[in-house]
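Have the structure open as you read.

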Amino acid sequence: MITALRAEWRKTTTTRMWWLLAIVLLGYLAFLGAVMAFSLTTDPTAMTGGMGSVPDLDGRAVAKTIYTLAVSLGYVFPLVIGALSMTGEFRHQTITPTLLAEPRRGVVLGAKLVVGAVLGALYGVIGTAGAVLGGLPFLLTKGDGAFLDDRGVLADLLFSVVALAIWCVIGVGLGALLTNQVAAVVVILAFTQFVEPILRIGLVAFDPLEGAQKFLPGAAAEALAGSSLYSTTGMLSLLDRGWGAVVLLGYAALFAALGRFLTLRRDVS
Amino acid sequence: MPGSASAGPPVEIRGLTKAFGAVRAVDGLDMVVRPGAVTGFLGPNGAGKTTTFRMLLGLVAADAGTALIGGRRYADLARPTAVVGAALESASFHPGRSARDHLRTYAPFAGVDDRRCDEVLAQVGLSDAADRRVGGFSTGMRQRLALASALLGDPEVLVLDEPANGLDPEGIVWLRTFLRHLAHERGRTVLVSSHVLGEVQASVDDVVVIAEGRLVHESSLADLVALATPQVRVVAPDRAGFVALAGARGWAVEPQSDDSALVLSGATPAEVGAAAYRAGLEIHGLAEEGGSLEDVFLRLTGGDGVRP
């Protein structure tokens with residue numbers, strides 16, 4: 001397994017994709033952090049278009065919302081880089097030399113999941129740092145401060161990193177299940193940018209399923225991070241942190257298992 | 001490891017079968033590849049060569065039968081790339097990775113260090129391109145890198161699918177010499193597939209011919225050559241005289257597009273020379289023709305519509 005991990009780490013770091021996406025992630029989150037911090041310190045209702053019962057957002061809640069923006073809006077990055085680690089093997093047919101070197105397919109997937117967690121944590125640090133750096137100027141000048149000495153806020157930062165790491169692991173599993181790179185990226189973009197946001201808001205409006213939106217992966221990740229753009233602005237409610245972690249890890253395990261036993265059992269030709 | 005001359009393990013295939021839908025790609029194939037020799041694995045396109053290799057290497061699951069390397073399945077080898085080096089037809093590299101990094105990615109599995117990566121790059125003549133991204137490589141360079149990957153773990157068995165594809169003539173000569181060296185001096189087991197007999201004729205010791213997934217011939221190259229009808233190309237001013245001579249001796253005259261020469265089947269150059277001398281016929285050129293070995297290959301594989 002150590003051998004497979006060493007090889008997988010080299011595989012990841014010898015192409016340019018991982019740092020290109022990391023730079024885009026940093027820029028994107030710094031931008032979002034700045035925009036959201038400006039908006040929320042100016043007019044909290046601006047973000048929801050008047051939807052939801054906008055509570056009195058205190059400065060601490062605003063800071064938590066900004067600091068977890070990477071989980072609310074930036075998780076597509078670790079998800080994509082995770083998926084690419086598997087779909088790239090099939091796209092460039094390096095799956096053949098990979099399985100020649102390590103015929104135990106479970107070990108190949110396992111190494112990718114572990115490296116995915118490490119890379120996801122790195123993306124988590126970068127994305128979270130981007131949101132903090134982007135938001136700080138407005139929180140300090142227009143808002144009620146940075147709250148970076150608050151244990152609760154610091155916990156949000158830590159769990160934001162953990163949530164993004166798990167997103168990357170989910171991506172690896174999803175890539176193992178779909179294997180087709182174009183299909184995987186399309187599914188990820190469609191689900192994260194369109195399907196889940198609509199489902200989350202739509203399910204709330206539909207009484208019998210009102211609680212179901214909390215179990216969607218994006219909602220579970222926000223629960224794990226401890227805060228979200230959707231919840232602090234009063235639009236949606238979340239599970240508590242522990243259950244959020246359980247649900248999110250459940251998705252990671254589900255996709256990895258499906259990929260292992262449905263797709264990776266097949267002939268490679 | 002490097003420098004050892006111990007005999008490699010044999011490759012033994014028994015009753016190997018694989019169907020894709022209604023098509024039996026490989027159908028009860030039996031063959032043995034011995035160490036210390038280069039074995040040509042021949043067959044027309046679609047004969048099942050690549051599928052056989054992929055089953056041997058555990059990439060494709062066989063419906064029936066076994067494919068063993070030194071008595072063990074590929075997947076059961078503790079460090080497979082240190083025992084078997086394989087380069088398959090769809091040579092597969094990430095275009096954004098350099099040649100050296102490609103090898104470094106697989107080096108941990110073979111249990112080798114970065115120095116060995118540079119060593120095999122030098123061996124296949126890619127030292128100057130080591131840090132270039134593979135995306136810009138020519139087919140021949142990719143072929144060489146695929147061979148370098150196969151050599152990385154200094155394996156006792158080499159399995160190469162169409163390794164001469166895309167190589168320039170110089171590269172083909174180099175590959176031939178190199179593979180013969182590995183087999184004859186180092187005792188390695190070398191299995192090389194091709195759909196063109198002529199391509200491997202100069203490098204193989206043994207031949208295994210398959211068609212439609214079945215074994216049609218397994219022998220030494222010499223025994224295969226013995227199946228061929230000898231042919232002689234004659235350049236002579238008196239064509240009619242030679243046609244008459246061939247008729248008298250029972251040699252067939254092959255139809256030729258070119259008027260200056262005749263090709264006689266069933267004769268050796270010595271026989272034709274001797275007969276012409278006795279008949280007082282002038283000869284300007286006399287040469288043995290290799291073409292009929294291709295005919296044997298076509299006959300064996302059913303390429304001319306006639307199954308043996």
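Predicted model: local features only at pLDDT ≥ 70, side-chain atom pairs only at ≥ 80, totals over all residues.

Residues are numbered from 1 along each chain as its sequence is written, while chains are lettered from A and ligands numbered from 1 in the order in which they are written.

**Cores**

Let's start inside. The largest nonpolar core holds 157 residues, and Ala163(A), Leu164(A), Cys168(A), Ala148(B) and Val159(B) have the most contacts inside it. Helix α8 of chain A (residues 151-178) brings the largest share, 17 residues. Buried calls for 20 or more other C-beta atoms within 10 Å of a residue's own, exposed for 12 or fewer, and partly exposed is in between, with C-beta atoms placed from the backbone.

Leaving out residues up to four places away in sequence, Leu164(A) touches Ala70(A), Val71(A), Tyr75(A), Pro78(A), Gly120(A), Tyr123(A), Gly124(A) and Gly127(A). Contact means C-beta atoms, placed from the backbone, within 7 Å.

**A helix pair in chain B**

Helices are DSSP runs (H or I, at least four residues), numbered from the N terminus.

| Pair | Residues | Angle | Axis distance |
|---|---|---|---|
| α3(B) and α4(B) | 99-110 and 114-123 | about 130 degrees | 9 Å |

The two helices are therefore oblique to each other; angles under 35 degrees count as roughly parallel, over 145 as roughly antiparallel, 65 to 115 as roughly perpendicular and the rest as oblique. Among the residues that meet are Leu103(B) and Ala107(B) in α3(B) and Cys117(B) and Val120(B) in α4(B).

**Where the chains meet**

Between the chains, 26 residues of chain B are in contact with 22 residues of chain A. On chain B's side, α3(B) gives the most, with six residues.

**A loop residue**

Phe206(A) sits in the loop between α9 (181-205) and α10 (217-225) of chain A. Is Phe206(A) buried or exposed? Phe206(A) counts as exposed because it has 10 C-beta neighbours inside 10 Å. Its C-alpha atom is separated by 41 Å from that of Gly106(A), 100 residues apart along the chain.

Note on methods. Core = buried A, V, L, I, M, F, W, Y, C linked by C-beta atoms within 7 Å. Contact = placed C-beta atoms within 7 Å. Axes fitted to C-alpha atoms, helices over the stretch in contact; angles between N-to-C directions.
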